[in-house]
Amino acid sequence: MTVTDNTERPGSPRAVPSKGARERFADWLDLHAAHVFIWPAVIMILVFSIFPLVASAIMAMSRIRLRAGSYQVRFVWFQNFEKQMFGSEQFHFLGTFAGMSALGWVVAIVVTALIVWWIQRYVRTSFTVLGFTGRLFTWSLVLGIGWLAAATFFSGHHFGTLGTTLFYVIIGCSIQFLIGLGLAFLCSMPIRGRTFFRVVFFIPLMITPIGVGYAFRMMADTTKGPFSPAWQWAGLGDFSWASSAWTARSFIMIGDSWQWIPFIFVVMLAALESVPRDYVEAAQVDGASSWEIFKDITWSQVVPVAATVLLIRVIEGFKIVDLPNIMTAGGPGIATESMTLHSLFAWRSLDLGQSAAVAYLLLFITVVTCVSFFNLVVLKRIRA
Amino acid sequence: MSRTLKQKLFEPPSIRQMAPGTKIIVYSILLLWTLFVLFPIYWVFITSFKTAVDVNAGPVFLPFIDFQPSLHAWKELFVFDYKDTLKAYSNSLIIALSSTIASVLIGSMAAYALARFEYKPKFGVILMFVIMMIIVFFAVGRYGVDWRLSCAVGVAIFVFLARALGHHFTKHLSNGDILFWMISQRILAPIVVVVPIYLMFQQVRLLDTHLAIILTYTVVNLPIVIWLMYDFFRSIPYDLEESAQLDGATRLGVFWDIVLPLSRTGLAATTLLVMILAWNEYLLALFLSTSKAQTMPILVAAMNAGERGILWWSMSVVIIVMIIPVIVLAIVLQRYISKGLLLGAVKG
Amino acid sequence: MTVVLDAVSKSFGAVKVLHDLSLEVQDGEFLVLLGASGSGKSTALRMIAGLETVSQGQISISGRDVTEELPKNRDVAMVFQSYALYPHKTVAENIGYPLKIRRLNRIDMEAQVRDVASQVQLDELLERYPRELSGGQRQRVALARAMVRRPAVFLMDEPLSNLDAKLRGHMRAELKHMQHELGITTIYVTHDQVEAMTLAHRVALLEGGKLQQLATPRTIYEDPANLFVAQFIGSPPMNVAHGTLDAGTFISGENRVATGGNDTVKNAVIGLRAEDCRVVAPEDGDIKARLFANELIGDHTLVTAKVGEDMLSIKAHKDFEASFDQPIGIAFDSEKIYLFDKDTGARIRNV
């Protein structure tokens with residue numbers, strides 16, 4: 001930098017004639033600002049997310065033995081997955097297959113028919129290679145899960161951690177969404193004490209899932225819990241909810257819902273309140289009933305938010321682990337074990353390969369579900 | 001509808017105009033839900049003042065009427081076992097605060113970068129990186145090459161190849177792709193990555209330290225920060241930043257002096273959300289801490305393993321201690337959070 | 001301080017928005033870059049500021065090549081159309097921000113901020129936030145912030161266009177006065193020719209990314225370099241009539257005008273300023289026309305006359321009265337005629 005003539009402007013803070021190291025560094029940072037801003041995040045994601053992801057993939061295809069201070073790795077390709085899907089771990093991951101019942105067959109055929117109808121409709125209306133390939137994953141997953149449900153749940157056999165996880169996600173998230181939306185709708189009405197309700201309903205989201213787990217374990221205790229007199233009176237004093245698969249699952253789902261309904265509630269309430277009043281008022285003037293107003297105006301305004309919030313909930317729903325671990329430790333048997341818990345237990349028994357394989361299966365299902373949901377539902381709602 | 005047009009036009013509906021039947025139904029549903037939400041918290045709260053007898057002899061509900069509240073559980077935890085409790089509490093505080101600051105800062109910078117600069121990462125270079133990474137893993141995992149050597153050589157070869165061949169590739173990604181890549185990291189279930197992260201920290205001897213958990217939490221929460229902050233930054237006019245640049249500020253200075261203060265609302269919501277997630281996190285802490293760096297959720301979960309079964313009263317005390325600060329924050333700032341969340345949800 | 005642009009070009013992808021712009025701004029000069037939107041004037045200004053990169057060419061400020069220099073190291077201050085006041089800072093903090101960046105100590109900073117604020121009559125408002133100010137006050141804050149560090153060059157990007165008409169006239173005068181007082185080289189971008197003519201020492205008229213003419217306001221008005229400049233400057237715009245030039249005689253329909261030269265151009269354009277024309281009886285005029293409309297402006301009447309397919313505006317006495325479609329004559333001095341080649345737009349000068 002050459003010296004600028006600053007004699008005419010006394011007392012002004014001029015740039016010094018030559019730059020110090022500090023300024024040169026500042027200038028260098030400025031010239032490379034685009035990199036300086038983004039690389040910390042990229043490097044952290046690469047190191048703690050992408051790198052482990054690849055490592056995990058290799059682990060899922062290996063047999064790993066931990067030794068004192070070191071470990072031994074043997075590459076076994078897809079043996080770990082084979083074991084989960086078809087081998088000795090099949091009962092644990094998928095469930096027990098012991099013949100399909102009539103109901104099972106009906107469900108299987110209905111699911112297959114639905115998929116076939118969906119495929120032919122898609123091929124007829126709009127066909128792109130990329131879209132078709134993407135949907136191929138969705139169809140396979142739906143078909144696989146449909147047949148799995150038919151062969152286990154609908155045929156009266158017990159299902160494994162995959163089924164349990166899907167139960168938490170599909171049934172749990174649907175219930176949470178409906179109740180959350182309902183409460184948000186009630187709170188968006190002109191009632192007194194809205195602030196009170198909104199604050200109270202929001203609280204459970206903030207509470208640590210571990211705490212929720214213990215609290216609900218206490219709630220559900222049939223001898224010491226607050227409802228034990230009711231249980232005694234109903235003659236169920238000796239009944240333990242934790243010893244039956246379905247009651248245990250339901251309790252976990254109730255705890256999960258208690259925690260997550262507030263999330264749906266808070267976002268949907270904010271969305272409902274941001275619907276422009278003129279629309280609603282115009283419809284009122286036109287003589288629409290409350291239900292018609294909700295269906296035709298409010299809902300179409302909030303549906304992009306609803307789709308997104310459900311997507312977020314589903315993403316987080318697949319990660320469920322705290323509640324089953326605290327409330328039932330996966331029991332009775334494996335009835336309440338989610339896939340994350342399954343993987344965690346495999347890790348505890350030092351079976352790193354199986355642990356990684358289960359985790360990867362979870363990842364695969366999560367990604368296919370979420371990407372399908374995003375592309376087929378959320379994007380359309382946002383664009384509409 | 002009995003209301004006249006004039007009423008409909010000029011008097012917004014209020015509770016007085018709701019049919020009495022509807023009113024009763026709405027209020028009873030809301031009150032019922034209030035009960036459902038508050039009762040478990042209430043139960044935990046009173047259990048923390050119960051003695052073993054009060055708990056085991058069947059349920060008692062009302063302090064001073066049903067039972068005599070006692071502070072023995074509180075004393076036990078804060079007088080006799082205070083070291084463990086305080087240790088876990090301070091661990092949780094340090095970890096939640098540091099990781100929140102780190103992820104809000106790093107995430108905001110990335111979100112700002114994506115909102116302001118144009119990136120064109122070459123597709124071919126990314127492919128090269130992935131291939132190089134897989135080769136490095138095979139070298140370490142299968143053939144037992146030292147991981148430091150392997151990583152260093154891998155990075156060196158990658159940088160060399162990227163420099164030499166990078167400009168030959170024409171296909172490139174856009175900012176939108178980078179944004180999606182970063183946000184989609186949230187889909188990743190932590191269980192998928194936690195074992196390699198565990199092994200990584202084991203290699204560098206950082207297991208059971210604050211740093212390990214802070215780093216991991218920072219990355220886990222980055223997608224949320226980027227997702228929520230991106231739109232805030234896009235809504236700031238360019239003029240302001242250009243003006244600050246001409247006033248003599250560096251890009252980092254502009255970010256610090258102008259951009260961050262102007263996104264206060266978003267920052268508050270994001271910070272709070274991320275802090276609560278870090279405060280409550282369980283699975284990653286379970287892997288990465290054994291004793292020294294144990295956080296509150298781990299301490300609570302570990303109380304399950306007593307010989308005498310669960311000591312509900314002590315458990316309740318810990319849970320109360322853990323949730324009180326969060327509930328206070330939540331009540332004070334719930335409007336901010338819902339706004340922040342909505343903004344994220346709306347843009348998708 | 002001088003600013004020199006040497007054959008500066010700018011392309012966005014395949015689109016070239018600025019072609020080989022060369023300018024030399026003298027120390028203390030007030031230069032206005034004038035042009036319609038899309039003419040490249042704002043791009044040129046932003047390149048001087050360093051907010052856009054330079055595709056080709058060189059920019060120097062005070063004799064120093066700043067083509068690759070960061071905006072913050074160019075020692076220029078800019079006033080934006082939107083004022084770009086920092087909404088979260090008070091007026092004092094806004095004005096003091098450039099000083100704060102330079103790590104000036106608090107006492108000096110406060111003194112300088114007060115000094116500048118009093119120059120623009122903001123003394124009473126230092127503690128306010130921008131949102132609590134009127135448009136004119138915000139404008140002053142933006143000016144004060146640019147002035148406070150006494151930059152080598154002021155850059156102004158349509159700073160008055162967000163003000164209402166009355167305030168704009170007032171601020172224009174203030175701006176001119178202030179620039180004279182401070183004597184700081186100023187480059188000012190506007191699309192408003194009145195601002196350009198009143199403020200500038202020299203005007204650079206840009207169109208389609210090309211410099212059309214660089215001259216003093218008087219020259220640019222009285223001696224336009226080409227048809228574009230002639231039609232851009234002046235209110236109402238210069239009258240033009242189309243025809244042919246045959247050995248110095250301009251022919252359009254029945255009208256023949258001797259121009260005093262002896263050029264021959266097939267497609268020619270004759271230009272006349274409204275104030276150089278007079279409305280006379282049909283037989284007394286240099287050309288014959290029909291009255292199309294007349295509007296009383298105040299101090300004069302604007303007469304619109306139709307000559308063939310062309311419309312001519314004439315400034316007549318304010319008491320002028322006439323009926324529609326009445327035949328009239330238009331008289332003018334032959335030395336007030338401007339001639340242009342229609343195809344190239346170039347001026348045809350009588351030697």
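Me: How many residue pairs are in polar contact across the interface of domain 1 of chain A and domain 2 of chain A, both at pLDDT 80 or more?

Reply: One residue pair. A polar contact is a pair of N or O atoms within 3.5 Å; within protein, one must be able to donate a hydrogen and the other to accept it, and sequence neighbours count only if both atoms are side-chain atoms. This is a predicted model: local features need pLDDT of at least 70, side-chain atom pairs count only at pLDDT 80 or more, and totals for chains, interfaces and linings use all residues. Residues are numbered from 1 along each chain as its sequence is written, chains are lettered from A and ligands numbered from 1 in the order in which they are written, and side-chain values use heavy atoms, with hydrogens and water left out.

Me: How many salt bridges does the rule find across that interface in chain A?

Reply: A salt bridge puts a side-chain nitrogen of Lys or Arg within 4 Å of a carboxyl oxygen of Asp or Glu. Between domain 1 and domain 2 of chain A the rule finds zero.

Me: Where do the two domains of chain A lie?

Reply: Domain bounds come from an automatic or database domain assignment. In chain A, domain 1 is 21-75 and domain 2 is 92-96 + 158-383. Their centres, taken over C-alpha atoms, are 33 Å apart. Eight residues of domain 1 and seven of domain 2 make the contact (heavy atoms within 4.5 Å).

Me: How is the size of an interface given?

Reply: Often as the accessible area lost when the parts come together. Here that area is taken with a 1.4 Å probe and summed over both parts. Domain 1 and domain 2 of chain A bury about 660 Å² between them, 75% of it on carbon and sulfur atoms.

Me: What area do chain A and chain B bury between them?

Reply: About 9800 Å², with 82% of it on carbon and sulfur atoms. The contact takes 105 residues from chain A and 108 from chain B. On the chain A side, Phe37(A), Phe48(A) and Met206(A) lose the most area to chain B, together 8% of what that side buries.

Me: Which polar links join chain A and chain B?

Reply: The count is one salt bridge, plus 12 residue pairs in polar contact, both at pLDDT 80 or more. In a salt bridge, the side chain of Arg186(B) meets that of Glu316(A) at 2.9 Å, N to O.

Me: Which domains does the assignment of chain C give?

Reply: Domain 1 (3-228) and domain 2 (237-348). Their centres, over C-alpha atoms, are 39 Å apart. Seven residues of domain 1 of chain C contact 10 of domain 2. The two bury about 680 Å² between them, 52% of it on carbon and sulfur atoms. In domain 1, Tyr221(C), Pro224(C) and Leu227(C) lose the most area to domain 2, together 72% of what that side buries.

Me: How many salt bridges are counted between the domains of chain C?

Reply: One. Asp223(C) and Arg347(C) meet through their side chains in a salt bridge, 2.6 Å from N to O. Six residue pairs, both at pLDDT 80 or more, are in polar contact across the interface of domain 1 and domain 2 of chain C.

Me: How many cavities of 30 Å³ or more does the structure hold?

Reply: On a 1 Å grid over the protein atoms alone, a cavity is a set of points where a 1.4 Å probe fits but cannot get out, and lining residues have an atom within 4 Å of a point. Points join across faces, edges and corners, and volume is the space filled by probe spheres set on them. The structure holds six. The largest cavity has about 110 Å³ of space. It is lined by 14 residues, of which Ala241(C), Phe250(C), Ile270(C), Ile287(C) and Leu312(C) are closest to its centre.

Notes: On a 1 Å grid over the protein atoms alone, a cavity is a set of points where a 1.4 Å probe fits but cannot get out, and a pocket is an open set with protein on both sides within 12 Å along at least five of seven lines; lining residues have an atom within 4 Å of a point.
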